[in-house]
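Please prepare a careful report on the structure shown below, giving the cut-offs behind each term where it is used.

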Amino acid sequence: MNKKEMMVAAIENGTVLDHIPSERLFDVVSMLHLEKMGNSITIGFNLKSAVMGTKSIIKIADKFFSDDEINQLSVVAPNVTLSTIRDYEVVEKKEVHMPEELIGIVRCDNHKCITNNEPMRTRFHFLGKE
């Protein structure tokens, strides 16, 4: 591998979130509660990208996410690529997709909505991009 291309160290096992828009990096960190994890986490911010101009990347050692956890990210970072790493090799690669249900992510715009005034999680159904 060309050392000029290696910007962030490889991980043995875990998850890599790539193609995160740099301006949304900290939203992703917050949504996944990475600040509360004890795992080794590498964050690359404002890295050069031929496609995006700049991007961010997160590598989380020994952590694997469910599809539901990752698909919630589509609200703030719709084109994230998730790679599952085992023994330094990518064993699975997929793109984030909007889930049918968004739970506890989006707030209701109606200030009188009970979800804005009571301790409860919101639940929205995704009907399509239209």
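## Salt bridges

The side chains of D18 and K55 meet in a salt bridge, with 3.0 Å from N to O, where the term denotes a side-chain nitrogen of Lys or Arg within 4 Å of a carboxyl oxygen of Asp or Glu. This pair links distant parts of the chain, since D18 belongs to strand β1 and K55 to strand β3, 37 residues apart; strands (E, at least two residues) and helices (H or I, at least four) are DSSP runs numbered from the N terminus. Both D18 and K55 are buried, a class that means under 20% relative accessible area, with exposed meaning over 50% and partly exposed lying in between (1.4 Å probe, protein chains only).

The model is a predicted one, in which local features need pLDDT of at least 70 and side-chain atom pairs count only at pLDDT 80 or more, whereas totals for chains, interfaces and linings use all residues. Residues are numbered from 1 along each chain as its sequence is written, and side-chain values use heavy atoms, with hydrogens and water left out.

By the rule for salt bridges, the count comes to three. R24 and D27 form one of them, at 2.7 Å from N to O; R24 is partly exposed at a relative accessible area of 29%, and D27 is partly exposed at 30%. E92 and K94 also meet through their side chains in a salt bridge, at 3.6 Å from N to O, and here E92 counts as partly exposed because its relative accessibility is 38%, while K94 is partly exposed with a relative accessible area of 27%.

## Nonpolar cores

A nonpolar core is taken as a set of buried Ala, Val, Leu, Ile, Met, Phe, Trp, Tyr and Cys residues joined through side-chain atoms within 4.5 Å. The largest such core has 17 residues, of which L17, V28 and I58 touch the most other members. At least two residues of this core come from each of β1 (14–20), α1 (25–31) and β3 (53–61), and α1 gives the most, with three residues.

With neighbours within four places in sequence left aside, V28 is in contact (heavy atoms within 4.5 Å) with L17, I20, I58, L73, V76 and A77. A second, separate core has five residues, including I11, V16, L47 and I85.

## Two loop residues

S22 lies in the loop between β1 and α1, and this residue counts as buried because its relative accessible area is 5%. Apart from neighbours within four places in sequence, S22 is in contact with F45, N46, T54, K55 and S56.

M37 is placed in the loop between α1 and β2 (41–49) and counts as partly exposed, at 21% relative accessibility. Not counting residues up to four places away in sequence, M37 touches L32, I60, K63 and F65. The C-alpha atoms of M37 and C113 are separated by 33 Å, the two residues being 76 residues apart along the chain.

## The second largest pocket

A pocket is an open set of points on a 1 Å grid over the protein atoms alone, where a 1.4 Å probe fits, with protein on both sides within 12 Å along at least five of seven lines, and its lining residues have an atom within 4 Å of a point. About 240 Å³ of space lies in the second largest pocket, a volume being the space filled by probe spheres set on the points, which are joined across faces, edges and corners.

This pocket is lined by 13 residues, of which M31, H33, E69, Q72 and I105 lie nearest its centre. The lining divides into seven nonpolar, four polar and two charged residues, with Ala, Val, Leu, Ile, Met, Phe, Trp, Tyr, Cys and Pro counted as nonpolar, Asp, Glu, Lys and Arg as charged, and the others, Gly among them, as polar.
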